Amino acid sequence: MLNIDWYIQFKNNEGRRFQLALMAECEIITSVDNLADTATIVLPEAVMNEPLNFENKIARGTEVLIQLGYDGNLEDEFVGYIQDITNNDSSLKILCEDALFLFRVGVPDVEQKPTSLTKIAQYLIDNINSSFTLNCDYDVNYEKFTIHQATGYDVLKKIKDETKANIYFDTKNKVLHIHPPYVEKGGEVFYSMQKNIENSSLEFKNKLDTKVEVTIESTDINGNVNQVVSGTTGGDKVTVASMDTASMKKIADNEVLKQSAAGYEGSFDTWLIPFCKPTFSARIKDEDYPEKTAYYYVKSVTTTLSEAGGVRTITPGIKLS
């Protein structure tokens, strides 16, 4: 029998560290579809009729480390910063966000031409927090990219919406990652419907007859409208800023793969072990349907800890070849 274990530490702007001694619930949400990992820590409003008071210890911007596991074997589940502390329904909620929190500040206006994802992201780092490094292997180029009265968050959201890139922060090691969707691979985990999956709403979609067409449309610096189409008739149309044709083709092909590849829809619940996060390859086996056994790309993970125990909800994406 394994005993649930946890450790939560705060480090304020003065460098003072505080360990959380009690907690009602903790939820951590990570996803390749989101720019930020988030965590919510729920505390009782009062203990033994004495109200909890954090005003002199932690506040917005305080660093947060959350570790979860069993019997002292803990994994770093979340590293980030306090965004807000709210009081609601007889409980205190500490709302946290990863290093995207630091990039929610304004950056100087600039017009880059020509430019690339690498140059745009490096501009953000240079003007917001130069202690971060960049890991970008998505070769997408813009003929022109304009930043006007925008925050680092606004810029990252724009390029994610336009390029469908997997953009996330490794807060612990201070790295901004930008990669093509479903390409970067993390670790590997194994799940069995009969052994370590508690509940499942998974439905396998072969998508052999699925027709997907993605149209990418861009206006160049001379005002000419360029268009790239990938897939078969019928589908989405995406309008982006001034971008070269090769980059538009990469984005269109990646989106067709995302929408048409076979895979599971839905999610399943398991325990805190094995550790899993987005970009992992999950081998999912169902002894009743052995032909479906394969590796699937993990696109989101929600981890919760409460009186009911520890639960990790996995949402797999496309089937990996």
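The side chain of D286 reaches the backbone nitrogen of D288 at 3.0 Å. That is where I want to start today.

First, the ground rules. This is a predicted model, where local features need pLDDT of at least 70 and side-chain atom pairs count only at pLDDT 80 or more, while totals for chains, interfaces and linings use all residues. Residues are numbered from 1 along each chain as its sequence is written, and side-chain values use heavy atoms, with hydrogens and water left out.

Back to D286. A second polar link goes to Q194: the two side chains make a polar contact of 3.0 Å. By polar contact I mean a pair of N or O atoms within 3.5 Å; within protein, one must be able to donate a hydrogen and the other to accept it, and residues adjacent in sequence count only if both atoms are side-chain atoms. Where does D286 sit? In the loop between β25 (281–285) and β26 (294–306). Helices (H or I, at least four residues) and strands (E, at least two) are DSSP runs, numbered from the N terminus. D286 has a relative accessible area of 13%, so it is buried. Buried means under 20% relative accessible area, exposed over 50%, partly exposed in between, using a 1.4 Å probe and protein chains only. Leaving out residues up to four places away in sequence, D286 touches M193, Q194 and T293. Contact here is heavy atoms within 4.5 Å.

Now the pockets. Rolling a probe the size of a water molecule over the atoms shows where empty space is left. The search uses a 1 Å grid over the protein atoms alone; a pocket is an open set of points where a 1.4 Å probe fits, with protein on both sides within 12 Å along at least five of seven lines, and lining residues have an atom within 4 Å of a point. Grid points are joined across faces, edges and corners, and a volume is the space filled by probe spheres set on the points.

The largest pocket has a volume of about 630 Å³. How many residues line the largest pocket? There are 32, and D37, Y168, F169, D170 and K277 lie nearest its centre. β3 (25–31), β8 (73–88), β15 (166–170) and β26 each supply at least two of the lining residues. By class, that lining has 11 nonpolar, 10 polar and 11 charged residues. For the classes, Ala, Val, Leu, Ile, Met, Phe, Trp, Tyr, Cys and Pro are nonpolar, Asp, Glu, Lys and Arg are charged, and the others, Gly among them, are polar.

The second largest pocket has a volume of about 250 Å³. It is lined by 14 residues, with E63, V64, L65, V79 and K172 closest to its centre. Two or more lining residues come from each of β1 (4–11), β7 (63–70) and β8. Which element gives the most? β8, with four residues. This lining divides into five nonpolar, three polar and six charged residues.

On to the helices. Helix α1 (residues 117–128) has 12 residues that should span 16 Å at 1.5 Å a residue, and its end C-alpha atoms are 17 Å apart, which agrees. The expected span is 1.5 Å times one less than the number of residues. Buried in α1 are L117, I120, A121, Y123, L124 and I125. For α2 (residues 152–163), the end C-alpha atoms are 16 Å apart. In α2, the buried residues include V155, L156 and I159. K164 follows α2, with a positive phi near 60 degrees.

A few backbone details. The peptide bond from K113 to P114 is cis, with omega near -15 degrees. P114 lies in the loop between β10 (110–112) and β11 (115–116). Another cis bond joins I273 and P274, with omega about 5 degrees. P274 is in the loop between β24 (268–270) and β25.

Two residues other than glycine have positive phi. D71 is near 50 degrees, in the loop between β7 and β8. Y182 is about 60 degrees, in the loop between β16 (175–179) and β17 (188–192). Buried or exposed? Y182 is buried, at 10% relative accessible area, whereas D71 is partly exposed, at 40%.

Last stop, E111 in strand β10. E111 is partly exposed, at 43% relative accessibility. Beyond four places in sequence, E111 touches K144, F145 and T146.
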